[in-house]
Amino acid sequence: MGKRITEIKDEPSFFHEIYEYGSAENSPSITITAGIHGDEVTGIYVAEKLIEYLDNHELKKGFMKIMPRCNPAAMRRMKRWSSYDETDMNRIFPGDVNGTATMRAAHNVWEETKDAHIIIDLHCCSNSSMAYALAIYDEFPEVENLVKKMNIENLVQSEGAGGQLFTEACRKRGQRAFIIELPSGVRPGAINFDAADICFEGILNLLKQEGVIKGNYVDNPPKSYGKIKDINSTAAGLWLPSVKNGQQIGAGDAVGTVGGSNVYAPESGKVLINVPGSYIFAGDHLLSYVQENSTVCKGEKQ
Ligand SMILES: [Zn+2]
């Protein structure tokens with residue numbers, strides 16, 4: 001194992017920790033990044049669990065690099081982005097070595113990931129979400145085949161916005177890159193341990209199938225779903241959901257009530273994010289669902 005510290009020159013400068021296992025010439029080369037959004041700490045925790053695992057288990061083959069805190073200045077204030085420039089790091093890849101603090105850090109992440117065959121970028125989403133992998137698998141079916149090596153329940157089609165590490169890595173460098181979105185903890189800095197376990201085991205399962213680490217893998221691939229669809233409230237009031245994450249809903253099913261009136265699903269799908277009972281206002285998000293990908297046309301941009 002080798003640990004490097006790379007300085008991101010700024011006033012004041014800050015640092016990236018980089019953990020490496022095996023020889024960089026080996027194949028496959030797999031890089032895991034976390035903390036591009038500083039407050040998404042369940043992802044950072046999974047990256048640190050992987051470092052601990054790899055410190056104690058020799059690689060069978062390949063090369064692994066882990067960058068657990070890609071945006072340390074943002075993590076320090078437990079926010080999505082750094083106060084130096086209020087810039088969302090996951091919209092500016094490949095970054096700029098002569099740019100602002102976040103652009104410089106993004107540039108270093110882009111450089112550190114340039115030789116990877118596979119990039120897994122760990123993020124967190126709403127704390128009322130299921131864990132899911134997120135990929136532009138309509139454009140890159142090989143990424144779908146890769147994600148299928150994880151025993152995680154859901155693969156979701158990304159909107160594919162540019163400037164994200166995984167979209168730029170797929171499109172500009174032909175890498176197999178995707179995100180894992182994990183539900184966040186109950187407060188800033190808190191970890192969702194159940195989701196962390198799902199993600200950690202899912203990544204180990206992929207590494208076993210790739211022959212990078214020893215051990216038997218399970219063949220329990222995720223289902224592939226289209227883009228996330230939201231149900232928002234048309235009125236203000238008390239939202240009381242009547243469905244749970246992972247539940248199948250049919251078109252016209254009541255999914256809960258707002259102010260005592262039923263809210264209906266416009267079409268069938270599976271509940272991915274279910275906002276807990278809350279006082280909400282017109283236009284607020286209530287629930288998100290996904291549909292199996294029979295409607296996603298592979299090879300075409302959506
Ligand atoms: Zn994120």
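Student: In which sense do strand E12 and E15 pair, and over how many bridges?

Tutor: This is a predicted model. Strand E12 (residues 248-249) pairs with E15 in the antiparallel sense, over two bridges. Look at Ile249: its bridge partner in E15 is Gly269.

Student: Which strand do four bridges join to E15?

Tutor: Strand E17 (residues 285-290), and the two run antiparallel. Here Val271 stands opposite Tyr289 of E17.

Student: Is strand E15 mostly covered or mostly open?

Tutor: Count neighbours. A residue is buried if 20 or more other C-beta atoms lie within 10 Å of its own. In E15 (residues 269-274), six of its six residues are buried, so the strand is mostly covered.

Student: Now a helix. What should H1 span, and how far apart are its end C-alpha atoms?

Tutor: Take 1.5 Å times one less than the number of residues. H1 (residues 41-56) has 16 residues and should therefore span 22 Å. Its end C-alpha atoms are 23 Å apart, which agrees.

Student: Which residues of H1 are buried?

Tutor: Val41, Thr42, Gly43, Ile44, Tyr45, Val46 and Ala47 are, and so are Leu50 and Leu54.

Student: Which residues touch the most other members of the largest nonpolar core?

Tutor: A nonpolar core joins buried residues through C-beta atoms within 7 Å. The largest one here has 89 residues. Ala131, Ala133, Ala135, Phe178 and Cys199 touch the most other members. Helix H6 (residues 193-209) gives the most to this core, with eight residues. The core also draws at least three residues from each of domain 1 (2-223) and domain 2 (228-295).

Student: What does Cys199 touch?

Tutor: Leave out residues up to four places away in sequence. Cys199 then touches Val46, Leu122, Ala131, Ile180 and Leu182. Val46 is one of the buried residues of H1.

Student: How far apart do the C-alpha centres of domain 1 and domain 2 lie?

Tutor: They lie 30 Å apart. The contact takes nine residues from domain 1 and 11 residues from domain 2.

Student: Which strand gives the most to the side of domain 1 that touches domain 2?

Tutor: Strand E7 (residues 154-157), with three residues. By type, that side of domain 1 divides into three nonpolar, five polar and one charged.

Methods. Residues are numbered from 1 along each chain as its sequence is written. This is a predicted model: local features need pLDDT of at least 70, side-chain atom pairs count only at pLDDT 80 or more; totals for chains, interfaces and linings use all residues. A residue is buried if 20 or more other C-beta atoms lie within 10 Å of its own, exposed if 12 or fewer, and partly exposed in between; C-beta atoms are placed from the backbone. Domain bounds come from an automatic or database domain assignment. Two residues are in contact if their C-beta atoms, placed from the backbone, lie within 7 Å. Two strands pair if DSSP finds at least two bridges between them. Ala, Val, Leu, Ile, Met, Phe, Trp, Tyr, Cys and Pro count as nonpolar, Asp, Glu, Lys and Arg as charged, and the others, Gly among them, as polar.
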